[in-house]
Amino acid sequence: MAAPKMLKLPEVLEEIEMSRAAFYRMRARGKAPKLIKLPNGQIRCRRADLDAWWSSIEETAA
């Protein structure tokens, strides 16, 4: 089985069209997509987690 697609933070920010500062404010409120911190300190987001986040905000906005 292939490893899940992992997006770098800049890729996530580009897709959701949000600045890093705004993203971290949203994350502090617990409203951001689930992130994974790698042992080297870099941050990744699974494609599936970002898709689930998109679904959750669509439901909230509806």
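Begin by selecting strands S1 and S3 (residues 43–46), which run antiparallel and are joined by 3 bridges. The model on the screen is a predicted one. Within this pairing, select Leu-7 and look across to S3, where its bridge partner is Cys-45.

**The sheet**

The 3 strands make an open sheet whose order is S1-S3-S2, with antiparallel pairing. Strand S1 (6–8) and strand S2 (36–37) are the edge strands, each of them pairing on one side only.

Next, display helix H1 together with the sheet. H1 lies across S1 and S3, and the helix runs at about 85 degrees to S1.

**The whole chain**

Zoom out to view the complete chain. There are 3 helices and 3 strands in the chain. Followed along the sequence, these elements give the pattern β-α-α-β-β-α. The C-alpha trace spans about 35 × 30 × 20 Å along its principal axes. Of the 62 residues in the chain, 29% are buried. Among the contacts with a separation of 6 or more, 40% are made by residues 24 or more positions apart.

**The loop between H1 and H2**

Select Glu-17, which is found in the loop between H1 and H2. The side chain can be viewed against the surface of the model: Glu-17 counts as exposed, with 73% relative accessibility.

**Helix H2 and its two faces**

Move on to helix H2 (residues 20–28) and colour Ala-22, Phe-23 and Met-26, which are buried. These residues cover an arc of only 100 degrees around the axis, so they lie on the same side of H2. Then turn the helix over. Which exposed residues does the face turned away from the buried side of H2 carry? Arg-25 and Ala-28 are the exposed residues on that face.

After H2, select Gly-30, which follows the helix and has a positive phi, near 75 degrees.

**An aromatic pair**

A pair of aromatic rings is described by the distance of the centres and the angle of the planes. The structure holds 2 aromatic pairs. One of them is formed by Phe-23 and Tyr-24, with an edge-to-face arrangement, 5.9 Å centre to centre and 85 degrees between the planes. Are the two partners buried or exposed? Phe-23 is buried, its relative accessible area being 0%, whereas Tyr-24 is partly exposed at 31%.

**Salt bridges**

How many salt bridges does a search of the whole structure find? The search finds 3 salt bridges.

Select Glu-15 and Arg-47 and show their side chains, which meet in a salt bridge of 2.8 Å, N to O. Glu-15 lies in helix H1 (residues 9–16) and Arg-47 in helix H3 (residues 47–61), so this pair ties together parts that are 32 residues apart in sequence. Glu-15 is partly exposed, with a relative accessible area of 31%. Arg-47 also counts as partly exposed, at 26% relative accessibility.

Why are Asp-51 and Arg-47 separated by about one helical turn? They are 4 residues apart in helix H3, and therefore about one helical turn lies between them. Asp-51 is partly exposed, with a relative accessible area of 35%. With Glu-15, Arg-47 and Asp-51 displayed together, a network of salt bridges linking these residues can be seen.

Finally, select Arg-46 and Asp-49, whose side chains meet in a salt bridge of 3.5 Å, N to O. Arg-46 is partly exposed, with a relative accessible area of 30%. Asp-49, at 19% relative accessibility, counts as buried because the cut-off for that class is under 20%.

Note on methods:
Residues are numbered from 1 along each chain as its sequence is written. This is a predicted model: local features need pLDDT of at least 70, side-chain atom pairs count only at pLDDT 80 or more; totals for chains, interfaces and linings use all residues. Side-chain values use heavy atoms; hydrogens and water are left out. Rings of Phe, Tyr and Trp (its six-membered ring) pair if their centres lie within 6.5 Å; planes under 30 degrees apart count as stacked, over 60 as edge-to-face and the rest as tilted. Buried means under 20% relative accessible area, exposed over 50%, partly exposed in between (1.4 Å probe, protein chains only). A salt bridge is a side-chain nitrogen of Lys or Arg within 4 Å of a carboxyl oxygen of Asp or Glu. Two strands pair if DSSP finds at least two bridges between them. Contact means heavy atoms within 4.5 Å. Axes are lines fitted to C-alpha atoms, for helices over the stretch in contact, and angles run from 0 to 180 degrees between N-to-C directions. The arc is that of the directions from the helix axis to the C-beta atoms.
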